[in-house]
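Please work through each task before reading its solution.

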Amino acid sequence: MSNLINLESVHKSFGERVLLDGVSLGVHAGERIGVVGLNGSGKTTLLELLAGLEPPDSGRVSRARDLRMAVVTQRSDLDPSARVRDVVLEGYRADHEWAADPRVRSIVTGLGIEALGWESPTGELSGGQRRRVALAAALVRELDLLILDEPTNHLDVEGIQWLADHLLARRVGLVVVTHDRWFLDTVCDRTWEVVNGSVEQYEGGYSDWIFARAERARLAAAAEEKRRNLVRKELAWLRRGPPARTSKPRFRIEAAEALIADVPPPRDTVELHAFAKRRLGKTVLELEDVSLTLGSHRLLDNVTWRIGPGDRIGLVGVNGSGKTSVLRLLAGALEPDAGRLVRGKTVRLAWLRQELDDLPGDLRVLEALEEVARRVVLGKHELSASQLAEKFGFPPKRQWTPVDELSGGERRRLQLCRLLMAEPNVLLLDEPTNDLDIDTLQQLEDLLDGWAGTLVVVSHDRYLIERVCDAVYALYGDGAVTSVPGGIEQYLARRRDAAAERKPAQQESAKPASRAAEQRAARKELARLERKLDSLHDKEQKLHAALAEAATDPDRLLELDMELKNVLAEKESVEQRWMELADTVE
């Protein structure tokens, strides 16, 4: 197995903060490596060193000769004037060229690129849409190594499933930073943990890393206990004189399953339901005959949906299906077109929005929490504002940082803390995993395990949905809110079945001779269409040149613009016919 990139004794710091200290590691051909660690630990810096975007302060980074590499990080910039077509399909002169490549067609469809508009300037797209365009542009290329920073952000559950399947099917090296634990477990065969300036390496994905961490913690605890025992025995010897006979401590190295053998289930659902019913009564949130339309899209059509005390619901659907709008409706921030929302009298609702504009920038972290409350009861535990902040990754010194100076991940954590400090009994969480590292996610899940209330979560993180929710509902675009008893797997299966039903059935001819004649006719027409497309492409280029020359002549510009629109419309029609025929020939 050949080496693609090597780091040798690499050191990297920013100011007095050391992120990587004497790190040596390598990326081999075909390896799929997941990079994990706390926010700010140096994960993105490690990627940028591998990619050559950042130089090391000392040490050496070497790359294989003629390495074909693509990098999509959070710093990836696109030319705002470039069209989506030019960025994604660079090197393809016409649509029929890329449409003839099943791999490229799969990328375009899987990431929903066509829905963005081929002619749209990237500068007019949202941040998430630009990330999808950059990801598609990288995947289209033939590569030896792909370096990705949080690629699952802004993808829905289906998009993440598609990306995982695509990467597994390709023989390409991968280094990826992500907090999506299902993605890590499914795609990666190695895990790097960036911690305290070093990079710990583990075989396997997320589950294997968790087991290794648990074993490491057990051994550390055993070593600490042994040290304390030795200190006590030494003290006893000094006081009594001759040392007493003692047996040596015995330790067992247990298998990974044994590490969790005595761990109770994450939560006692029956007890939490009973407690929630006492706090909330019978009525929590109910939609009665509700209809909701946004623009021309009918999101809900005469829907009745009752959310009861202690319900823990995951809401899934493709991007644009209306998940956030449903949360806004439940929160009372959006009025239905018809029907009504019923809210129980004892409901104290907290809503985690995707936006981070509801934080007091003029306060410090601890002040922003104590502005809500000084103490909070979560499950059976009472915590001070400072203790809750520590659970969410704010050590005592960091608690005195002004809110305006926090990173995006830190602001997200503070937003969560403020919600929990208010002691709500109904939580609406909209993409709570955005910008959170895995350790913080585990802390959040641990707190939610003992939280007795009603929970509705919108998330593309299927691990979180499966971990904290007891029921899954889906928006399939049919105006209904549909229960999915089989969870995410059943949801994805139903989406696949629906897509298969929509695809026109290919009718096979009864006579082989007739089929062969159809193929010959199709190929003949394809050749004619390709010549026509080449002609239209040349005409399009000439019109673009003429438009540039006529920049100061408004009448001529209007005339040329009309002619260009006609050419583009004809080209689109020809390309559409070409793709229909290409499917027939295939």
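**Exercise 1.** Determine whether Cys188 is buried or exposed, and state how many disulfides a search of the whole structure finds.

*Solution.* Step 1: Cys188 has a relative accessible area of 7% and is therefore buried (buried means under 20% relative accessible area, exposed over 50%, partly exposed in between, with a 1.4 Å probe and protein chains only). Step 2: Cys417, at 0% relative accessibility, also counts as buried. Step 3: the search of the whole structure returns 0 disulfides, a disulfide being a pair of cysteine sulfur atoms within 2.5 Å.

The model is predicted, so local features need pLDDT of at least 70 and side-chain atom pairs count only at pLDDT 80 or more, while totals for chains, interfaces and linings use all residues. Residues are numbered from 1 along each chain as its sequence is written, and side-chain values use heavy atoms, leaving out hydrogens and water.

**Exercise 2.** Describe the open sheet with the order 2-1-4.

*Solution.* Step 1: this sheet has 3 strands with antiparallel pairing. Strands are DSSP runs of E, at least two residues, and helices are runs of H or I, at least four residues, numbered from the N terminus; two strands pair if DSSP finds at least two bridges between them. Step 2: strand 2 (17–28) and strand 4 (58–63) each have a single partner strand and therefore stand at the edges. Step 3: strand 1 (residues 3–14) is joined to strand 2 by 8 bridges, and Val10 has Val23 in strand 2 as its bridge partner.
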